[in-house]
Amino acid sequence: MPDWKEEIAARLSSLKLDATRKSEIVEELSQHLDDRYADLIAGGAAGDEARREALGELDQDNLLAQGLHEVERSAPREPDAPRAGRRNVFASLRQDLRYALRQFRRNPGFALVAIFTLALGIGASTAIFSVIDNVLLEPFPYRDARHIVYPRIHGSTQAADEGRQGYSAEEYLEIARQNQSFESVIATADDPVLYKHGAGVEWLYGADMSQGSFEFFGMPALYGRVLQPADYDPGAPAVFVLRYKTWMSHFNGDPNVLNKVYVLNGTARTLVGIMPPRFGWYDADLWIPRTPHLGLTTGFAGMPERWFLLGRLKHGVSMTQAESDLTGIARRMAGARPQDYPPQFQVVVAQIGHSVSGQLEPALYTVLAAVGFLLLIGCVNVANLLLARATSREKEFALRAVLGAGQARLVRLLLVESLLLAVAGALLGVLIAWGGLKLIVVSMPPDSIPAESVIGLNAQVLAFTLALAFITPLIFGLAPALQAVRRDLIDPLRDAGRGIIGGLRTGRLRDAAVVIEVAVSLTLLVGAGLLMHSFLALRQVSLGVQPDHIFKTMLLLPPDRYKTPEQVSRFFAPVLAKVSSIPGVLDAAESSSVPPNISPDTRVELSGKSLGKDAHAQVQDISEAYFRIMRTPLEMGRAFTPAEIHDARRVAVVNRRFVTTYLAGEDPIGRRVTLTDLKNVGDSLRDPSFEIVGVVGDVANQGAPGYGGGGLQAAIQPQVWVPFTATESGLRYLVVRAQQSPMALMNEVQQAVWASDPGVALMYPDALDHAISQRLYAGPRFALLLMIIFGSVGLVLVTVGIYGVLAYSTAQTTHEIGVRMALGAERASVLRLVILKGLRLILAGVAVGLAVSLLLGRAVASQLWPVVKPYDPVTLAATILLLLATGVLACWIPARRASQVDPMEALRCE
Amino acid sequence: MTVEVEWKKGSAELLILSLVETRARHGYEISKLIEQRSGGAIRFYAASLYPLLYRLEKRGWIQGRWVEKSGQRRRRYYGLTSPGQKILAAQRRGWQAFVEAVNRITEAEHA
């Protein structure tokens, strides 16, 4: 008998076996060879031949060393050892964690897709939640801001959010004295401030604040001090407090400005404090102490002075109690001055911030819902991937179970994996949110958030993200985990996981997931489509002017020097002449307003016609070039001549709506219209009757939503234009049509104004089209932008989802496909089979999504332009087509792969 | 007819488990039984048999034990463990189901 030991040992030399193990193997194998040798000899083989043949057993394709290497290397034991038990929960959790990490390293593609999917969902939710938290929930840095409310006198015929918010000094004092509901009440009034600066004056937005205001807000100054009771004493030195933002923009953040004296509106005032960045009450640049005094005072632009009130609710007093308390007080005051109150009214109180962000609130909550959907899609996607993976890991789980791992242990292991995915997703999501917030803040409509709110990631937001990271694994991880352990554990071992019987069983849950995804995505896309259609419709609405290449600015004329129309026109004549001669300027005009602003309303009468008491029109005063600059089409008669403006003649131009409303079928030219209210506002016109000389097209005059107007959605009102030289009403604008960029004229216009009067400041200088865009389109554009972003992200996720499911089930059935093809199935029919399976799911999802969209249509209807219906067929059809096209694309890749299966390969693969 | 290597590999576990089901056997015995019962169609050489045995043992499906009989050198006998019995039952059912399925397909195509 030959000695085999050396031969065997030589073949094991490449393996690093320990001595005992090695000698055991050598012993066992040499016995095998002995037996073999003996058999061969007994069969008649010669000794040499038998020896060679026996040794040949060891050399089959070099399988020995290779096979032993796989078995004998000391692989780390997997952490599901049957009796890990509850010896140490944390140690075994750590084991689970390590194991999960190893799983992901082994299959990084899966982990990356899952993490990225979750990150998109969590990031988007975090971003929108930050906006909501900073704008709607906690916008104010003030002490106990939830208890700060403002009262509004709401007439019974007014829309829900309308009502007077300005109060006379007398009303303020009465409310402060009589109320039972508030710890304290403070009052703030507009105080435009002309601040002497260089060659002329600049305008700052000042606010007068009643005594106790800073104590009310409870915020200390950043530098210096806040206003104190002593500042309100008669004869106290004049002081003011500056806003951080203004300090940075106008004084470069120079700390030396503190305690310096500045001339504001002709009064020398000492700057005593600079507030912290988030203090921005009234969105003012600076705050001035002033006590409301009894007696009528005129405020800004000749209008009666009004104070805006804030009350801090006493502990335990509800808003409803405060409302009935204040309504009682206001009814008593209405008895004394009925002209200041609607016939039927009550006082409504609302939390601060609501007046600013109210318009954004529905949009933000709609978007939050959309983002919630997105997160849901992401979760479903990941659940799907996990289900698919769980199916391919069935054997592993079964084996673990066979080896004694309890079901609870398996579920926990899977949930730990899910949690790991979610936490990684949340980390990446915070990054996405951080970037997304920057984009959102940039594209937010102006003035739509309180001045005090700073949109960014804060502790609450991060807590929200953390909560998502722990909640989402329960949504996406639990079902696959339960599914994985619930079934007969021996099953997978039995059928060896092949497609014919194995792959289709868990399919139903995954299919349902795809149907849900498609439905949710369709709903989102329909929402985006409707908003887009609505936005396009909004842009189609004619403004009645061509706002491009127009520079506009309000001019702040010092009231003491500009009381009469003559004084005003003496100021404007040289300014208009000078501005018109600037190279690149086509025309310049005065106006009391710019579109789409609402002009003061007056009752009108027409000569020889009884219009009744309710005939009203807006009155705007302008100079000669106004219609030319605005490019408003003249429809009848003529515009004003320079002589008519110069001589302040009583002539008027009306809009088409005026004619169709009051003079339908009659010739308006030559009729006399009486603007009754000009008699008793600021204007002391003894005979405010004007001859109509022309009719122009309708110009948007309903303001902007969120600025107290109805926007383009509201019907244009009858309007009358008169020469600015004929009246002395409030606001003064300068409008200039330029050949090139209008804002390039800014400096020269400013010099021209200061040349005429260095005491006049420019307010809100802007390009008219930019201002209109900000006021009318920024809000809808913002909502649209968000929906498009989130709709697209949803579409990407759904594509990944459909692809994942089909790719997986195709891979599972590769064997079946191989058998089919081996038996003669055409490639085309395999392609069709897979695409049809995907398409069936997509169509089911479309059906569900369509039903949901129609049901939810009502929710978005309020955000839509009226001509766009929530069931708009064009939008629905386009969205469905988009989704189907994307879906087929997602099916195509797995289908093609399936059709290219090599039958031999498929049949051989175990 | 010779059976493809790949087919053999997939079913080798099943074969070995079946052979040690009723009583413990040593490696050479297993290889001889496979060769005999398959009429020579399937043969395992030592180079592939022993790694497979060690792998099954490592998984806990079979257990090897050194047995000394009087007058003989000690030999290593492999017997089926109770997890191994479950696996064997499962693999048998799976194999039968697979064969039936293939039959159904091939018959359907010939019908």
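Which residue is the bridge partner of Leu242(A) in β9(A)? In this predicted model, that partner is Leu286(A).

## Around β6 in chain A

Let's stay with Leu242(A) for a moment. While Leu286(A) is its bridge partner in β9(A), Leu242(A) also stands opposite Ile274(A) in β8(A). The strand that carries Leu242(A), β6(A), covers residues 239-242. β6(A) pairs with β8(A), residues 267-274, in the parallel sense, and 4 bridges hold that pairing. With β9(A), residues 286-289, β6(A) runs antiparallel, and 2 bridges join these strands.

Now for the side chains. In a regular strand, they alternate between the two faces of the sheet. In β6(A), Val239(A) and Val241(A) point one way, while Phe240(A) and Leu242(A) point the other way. Which are they, buried or exposed? All of these β6(A) residues are buried.

## Chain B at a glance

Over to chain B, which has 111 residues, 30% of them buried. Chain B holds 4 helices and 3 strands, and going along the sequence they come as α-β-α-α-β-β-α. As for how far its contacts reach, take those between residues at least 6 apart in sequence: 47% of them join residues at least 24 apart.

## The sheet in chain B

The strands of chain B make an open sheet of 3, with antiparallel pairing and the order β1-β3-β2. Why do β1 and β2 of chain B each have one side without a neighbour in the sheet? β1 (25-26) and β2 (62-67) stand at the edges and each has a single partner strand, so one side of each is left open in that sense.

One of the pairings is worth a look on its own. β2(B) meets β3(B), residues 75-80, in the antiparallel sense over 6 bridges. Within it, Gln63(B) stands opposite Gly79(B) of β3(B).

The model as a whole scores ipTM 0.86 and pTM 0.63. For chain B, the mean pLDDT is 80, and 86% of the residues reach 70 or more.

Conventions
Residues are numbered from 1 along each chain as its sequence is written. Chains are lettered from A and ligands numbered from 1 in the order in which they are written. Two strands pair if DSSP finds at least two bridges between them. A residue is buried if 20 or more other C-beta atoms lie within 10 Å of its own, exposed if 12 or fewer, and partly exposed in between; C-beta atoms are placed from the backbone. pLDDT is the predictor's confidence in each residue, from 0 to 100. Two residues are in contact if their C-beta atoms, placed from the backbone, lie within 7 Å.
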